Amino acid sequence: MKNNFCSYPFEHLYLHSTGHFKVCCMMDEHVTKDDGYRQFNASRDGITALWNSGYYKQIRKDMLANKRLEKCNKCWLAEDNGLSSMRRKRDPHHYEKYTRSDGTLDLQPTDIELHFGNVCNLSCKMCSTQFSHMIGKELIKMGEQDPDFLKWVKKESGLVNNWTSELDVVYDWYKNEKIKKEIFEVVSKHSEKLVVIGGEPTIIPEFYELLEYCYDQKTLKNKKLTVTTNLTNTNPKFTKWLKELKDFTIHASVDGIGERNEYIRYPSKWTSIQKSLNFYATMMKEQKKGHISFNPAIQTLNIDILPEMVQYFETFDDIAKYSWISHVRWPIICDYDHAPIEWKNKVADKIDAQLVKVKNELNRKELEQHSSRLRLESDSKFLRHIQSSFIKYNDAQDSFRKCKSWRELMPDLAASLTKLDL
């Protein structure tokens, strides 16, 4: 019989930017309360009540009974198609020892992922209000100048922007002092692996409070920390905190070099990002631990410079890791699948010509896969509408921002789109 067990419900806690909880990042639904419709949220609910709630207890019982849960369909779909999944296939007998008959677990979560709300200092092209409050703020201001544009954005929805319902929403669950204290205590006492995402964690004082709390409790030495950051700033105290950790990884959200990164990750400054990268690189070499993980959001706005990006990343190769999972699909206008085929073929040719300069085999394979994909025609019956929407949205945003435009940065793409007479 196939082992359908996954250890996530027994060791992992996932707190989303909205304050909702999920069993893992792959599961679509939030953890519901025993009434079946209200959801746990860190703005009002603590971890203690959540961790042994009816929802968690039932999932644990089902896992130990070797049931294949519909909630886990994303992992099952991957495995049924011969692909690897996020499922943690560990020995269920270990967890059975600590699980009561009703599903109550006599262990605390050791693997915790905290999304510190959606407060951010950037308004990135492919992001959403769910992860950056700046995007909604900007769209509202654009709508004040041009109400018809904002109506169009709302109408087109996920075609041009990932989040158009509550544009002014700010998620800051960590402002609840009681809940924050409880989460800090659980993280300090029990977590062995801690992942921190935003928003942008490095502008959130509560993130630094958490590190300082664990430092004071002398528990940092037990932890492996991963921080996803846009690298626009660093805190000098990182030197004190990171050197105490068992290990750490900086997930560097870098989507271009120089002006291109500044354009996609507006209003970042490349000099600040280079300063942060050098800060972390120096500390990692001095401490003989830690890695920088480069995981660019690959999209129409940077696929043409991907070889240059890879070569830049490889200058950090002694401390670098690579994560090639982010081919941007939403908003749809960011997906390079829908760019003009003439331009895509030129980009593919460029990638093929640059492969010889790429040292890392994994990186070469990734570039080869993108090159092959670029040569495919889009199968969308709405292709012309997607392309015209790309032009309309980016032209309007560039004009509002008074920044260097996509047309100036990517003249070949602009020329190819112009030929289509959209």
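In this predicted model, begin with the lining of the second largest cavity, which comprises eight nonpolar, three polar and one charged residues. Select Thr 300, Ile 332, Ile 333, Asp 335, His 338, Ala 339, Pro 340, Ile 386, Gln 387, Phe 390, Leu 413 and Leu 417 to display this lining. The space that they line amounts to about 70 Å³. Next, colour helix H16 (383–401) and helix H18 (411–419), each of which supplies at least two residues of the lining. The most comes from H16, with three residues.

Proceed to the largest cavity, whose volume is about 150 Å³. Of its 14 lining residues, select Cys 6, Cys 24, Met 27, Cys 72 and Cys 75, which lie nearest its centre. The lining contains 11 nonpolar and three charged residues, and no polar ones. Helix H1 (8–11) and H4 each contribute at least two residues to it.

Now select Arg 88, in the loop between helix H4 (73–80) and helix H5 (92–96). Is Arg 88 buried or exposed? Arg 88 counts as buried because its relative accessibility is 13%, below the 20% cut-off. Beyond its neighbours within four places in sequence, Arg 88 is in contact with several residues, including Cys 6, Asp 111 and Lys 193.

Finally, select strand S5 (residues 224–229), where five of the six residues are buried. Strand S4 (residues 193–197) runs parallel to S5, joined by four bridges; Leu 194 has Leu 225 as its bridge partner in S5. Follow the chain from S4 through helix H9 (residues 205–216) to S5: this β-α-β crossover is right-handed. S5 also pairs in the parallel sense with strand S6 (residues 247–252), over six bridges, and here Leu 225 stands opposite Phe 248.

Conventions. Residues numbered from 1 in each chain as written. Predicted model: local features only at pLDDT ≥ 70, side-chain atom pairs only at ≥ 80, totals over all residues. Heavy atoms only, no water. Buried < 20%, exposed > 50% of the residue type's maximum accessible area, 1.4 Å probe, protein only. Pairing = 2+ DSSP bridges. Right-handed = clockwise from strand over helix to strand, strands pointing away. Contact = heavy atoms within 4.5 Å. 1 Å grid on protein atoms, 1.4 Å probe; cavity = no way out; pocket = protein on both sides within 12 Å on 5 of 7 lines; lining within 4 Å. Points joined across faces, edges and corners; volume = space filled by probe spheres on them. Nonpolar A, V, L, I, M, F, W, Y, C, P; charged D, E, K, R; others polar.
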